[in-house]
Amino acid sequence: MAVPVVIWMTESQPAKLGLSRDRIVRAAITLADAEGIATLSMRRIAVSLNAGTMSLYRHVPGKDELLELMVDAVLGETPPAEDGDWRARAL
């Protein structure tokens, strides 16, 4: 039985051509905001970064992991509720 890979516990490969895991995640969020998550693909992200599609896989194993990183990044941007009631803000 294979052990699942936890994306947050893996290292990104050394940056080449200015690519990094964080830059790829930011580009994916920007594209998803502008055009919708349904249009998101590794190829479109690579084009927006002026990079080859396969070069993204040095930093992110696949689209599923990228989506997890995107959600994590967006949730990390949300400031805590001043009244401490984050559940009410999420609805």
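**Overall fold**

The model is predicted. The secondary structure of the protein comes to five helices and zero strands, and the order of elements from the N terminus is α-α-α-α-α. Of the 91 residues of the protein, 29% count as buried. Among contacts in the protein with a separation of 6 or more, 57% are made by residues 24 or more positions apart.

**Helix H1 and its surroundings**

Helix H1 spans residues 21-35 and has 15 residues. From the first C-alpha to the last, H1 reaches 21 Å, close to the 21 Å expected at 1.5 Å a residue. Glycine 36 follows H1 and has a positive phi, near 100 degrees.

The buried residues in H1 are Arg21, Ile24, Val25, Ala27, Ala28, Ile29, Leu31 and Ala32. An α-helix has 3.6 residues a turn, so residues three or four places apart point the same way. The cover over the buried residues of H1 includes helix H2 (42-48), helix H3 (53-56) and helix H4 (63-77).

The axes of H1 and H4 are 9 Å apart, and the two helices pack at an angle of about 80 degrees. Angles of 65 to 115 degrees count as roughly perpendicular, and H1 and H4 therefore fall in that class. On the H1 side, the residues in contact are Arg21, Ile24, Val25, Arg26, Ala28, Ile29 and Ala32. Their partners in H4 are Leu66, Leu69, Met70, Ala73, Val74 and Glu77.

**The annotated region, residues 41-60**

An unreviewed UniProt entry carries the annotation "DNA-binding region" for residues 41-60. Over residues 41-60 the chain is 55% helix and 0% strand, and the end C-alpha atoms of this stretch are 13 Å apart.

Arginine 43 lies in helix H2, whereas threonine 53 has its place in helix H3. Not counting residues up to four places away in sequence, threonine 53 touches Met42, Arg43 and Ala46. Threonine 53 and methionine 42 are eleven residues apart in sequence, with their C-alpha atoms 6.2 Å apart in space. Arginine 43 and leucine 56 are 13 residues apart in sequence, and 9.0 Å separates their C-alpha atoms.

Asparagine 50 is found in the loop between H2 and H3. Most residues other than glycine have a negative phi, and most peptide bonds are trans. The phi of asparagine 50 is near 55 degrees, a positive value in a residue other than glycine.

**Salt bridge and accessibility**

How many salt bridges does the count come to? The count comes to one salt bridge. Side chains of opposite charge can pair when their charged atoms come close. Here the side chains of arginine 44 and glutamate 35 meet, at 2.1 Å from N to O. A side-chain nitrogen of Arg within 4 Å of a carboxyl oxygen of Glu is enough for a salt bridge, so the pair of arginine 44 and glutamate 35 qualifies at 2.1 Å.

The table gives relative accessibility for residues discussed above.

| Residue | Relative accessible area | Class |
|---|---|---|
| Glutamate 35 | 39% | partly exposed |
| Arginine 43 | 60% | exposed |
| Arginine 44 | 35% | partly exposed |
| Asparagine 50 | 75% | exposed |
| Threonine 53 | 24% | partly exposed |

Residues over 50% count as exposed, and those under 20% as buried. Asparagine 50 counts as exposed because its relative accessibility is 75%, and arginine 43 counts as exposed because its relative accessibility is 60%. Threonine 53, at 24%, counts as partly exposed.

Notes
Residues numbered from 1 in each chain as written. Predicted model: local features only at pLDDT ≥ 70, side-chain atom pairs only at ≥ 80, totals over all residues. Heavy atoms only, no water. Helix = DSSP H or I, 4+ residues; strand = E, 2+ residues; numbered from the N terminus. Expected span 1.5 Å × (residues − 1). Buried < 20%, exposed > 50% of the residue type's maximum accessible area, 1.4 Å probe, protein only. Contact = heavy atoms within 4.5 Å. UniProt positions renumbered as here; feature names shortened; annotations may be inferred. Axes fitted to C-alpha atoms, helices over the stretch in contact; angles between N-to-C directions. Parallel < 35°, antiparallel > 145°, perpendicular 65-115°, else oblique.
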